[in-house]
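Thanks for asking me to look this one over. Have the sequence and the model open side by side as you read.

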Amino acid sequence: AEMIEMAMTQVSWAWFETRYDGGVVVRVARTRADAEAARLLIRDAWGVNEDERYFYGLFEHAEHLYQSVIVPSTKVGSLAEIDSLCVMIDARDDDGQIVSVGTFSLVLDHAAKTIELGRGAIAKAWQRRGIPLLAVQPMRRLVDSLPDYAVIVDATTLARGAKSTADAVGAPAVALHP
């Protein structure tokens, strides 16, 4: 069923997909399995228990993420035509299997001409391997496809990043949430 689903949902996001040595691939999410992987990655990386409600509604239930974000992006190949996009980062594990190791999303407000970058996560077992740096080039290609839009970063992502940085250097962190 997953193979049929993927065959039906092939849209030309090929201009975005990026492959690196070591089996790392940055690509647009396409399937229900991608939705479940994104949900689990965010819960794992951000320390959210399986039974705990999550503050990003679209990531509360994989089916909702699939229907609201992934399905619309399988029908078009441009940011100008959608309200959000879920991106997956896959890598080859020690057994040679391809596994989803990271995710991030873009939320577009076409009226305000903004692109919010957020809902990002790298699996705990894959952190400190330079995975986020591999997403920078394809992310730039996405953002540059709408050059008159301002790019903003989710405040919670910034706050958690500030805390991680402060923890790493042994300093206090202060973050203001909207």
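Here are my notes, point by point.

1. A word on ground rules. This is a predicted model, so I kept local features to pLDDT of at least 70 and side-chain atom pairs to pLDDT 80 or more, while totals for chains, interfaces and linings use all residues. Residues are numbered from 1 along each chain as its sequence is written, and side-chain values use heavy atoms, with hydrogens and water left out.

2. Start with the sheet. Six strands form an open sheet in the order β1-β2-β3-β4-β5-β6, with mixed pairing. Helices (H or I, at least four residues) and strands (E, at least two) are DSSP runs numbered from the N terminus, and two strands pair if DSSP finds at least two bridges between them. β1 (18–20) and β6 are the edge strands; each has a single partner strand, so one side of each lacks a neighbour in the sheet. From one strand to the next, the twist averages 20 degrees. Axes here are lines fitted to C-alpha atoms, for helices over the stretch in contact, and angles run from 0 to 180 degrees between N-to-C directions.

3. Next, the β5 and β6 end. Strand β5 (residues 114–122) pairs with strand β6 (residues 150–153) in the parallel sense, over four bridges. Among the bridge partners, T114 goes with A150 and E116 with I152.

4. Helix α2 (residues 32–45) lies across β2 (24–28), β3 (84–92), β4 (98–109) and β5, at about 90 degrees to β4. Helix α3 (residues 62–74) also packs on the sheet, where it touches β2 and β3 and makes about 85 degrees with the direction of β3. Contact means heavy atoms within 4.5 Å.

5. Which residues touch the most other members of the largest nonpolar core? They are W13, L79, L85, I89 and L142, out of 40 residues. Such a core is a set of buried Ala, Val, Leu, Ile, Met, Phe, Trp, Tyr and Cys residues joined through side-chain atoms within 4.5 Å. Beyond four places in sequence, the contacts of I89 include V24, V26, V101, I122 and A135.

6. For the aromatics, W13, W15 and F16 form one cluster. The ring centres of W15 and F16 are 6.3 Å apart and their planes are at 70 degrees, so this pair is edge-to-face. Rings of Phe, Tyr and Trp (its six-membered ring) pair if their centres lie within 6.5 Å; planes under 30 degrees apart count as stacked, over 60 as edge-to-face and the rest as tilted. F16 is buried at 0% relative accessibility, whereas W15 is partly exposed at 34%. Buried means under 20% relative accessible area, exposed over 50%, partly exposed in between (1.4 Å probe, protein chains only).

7. K113, in the loop between β4 and β5, has a positive phi of about 55 degrees although it is not a glycine. R128, in the loop between β5 and α4, likewise has a positive phi, of about 65 degrees, and is not a glycine. K113 is partly exposed at 37% relative accessibility, and R128 is exposed at 80%.
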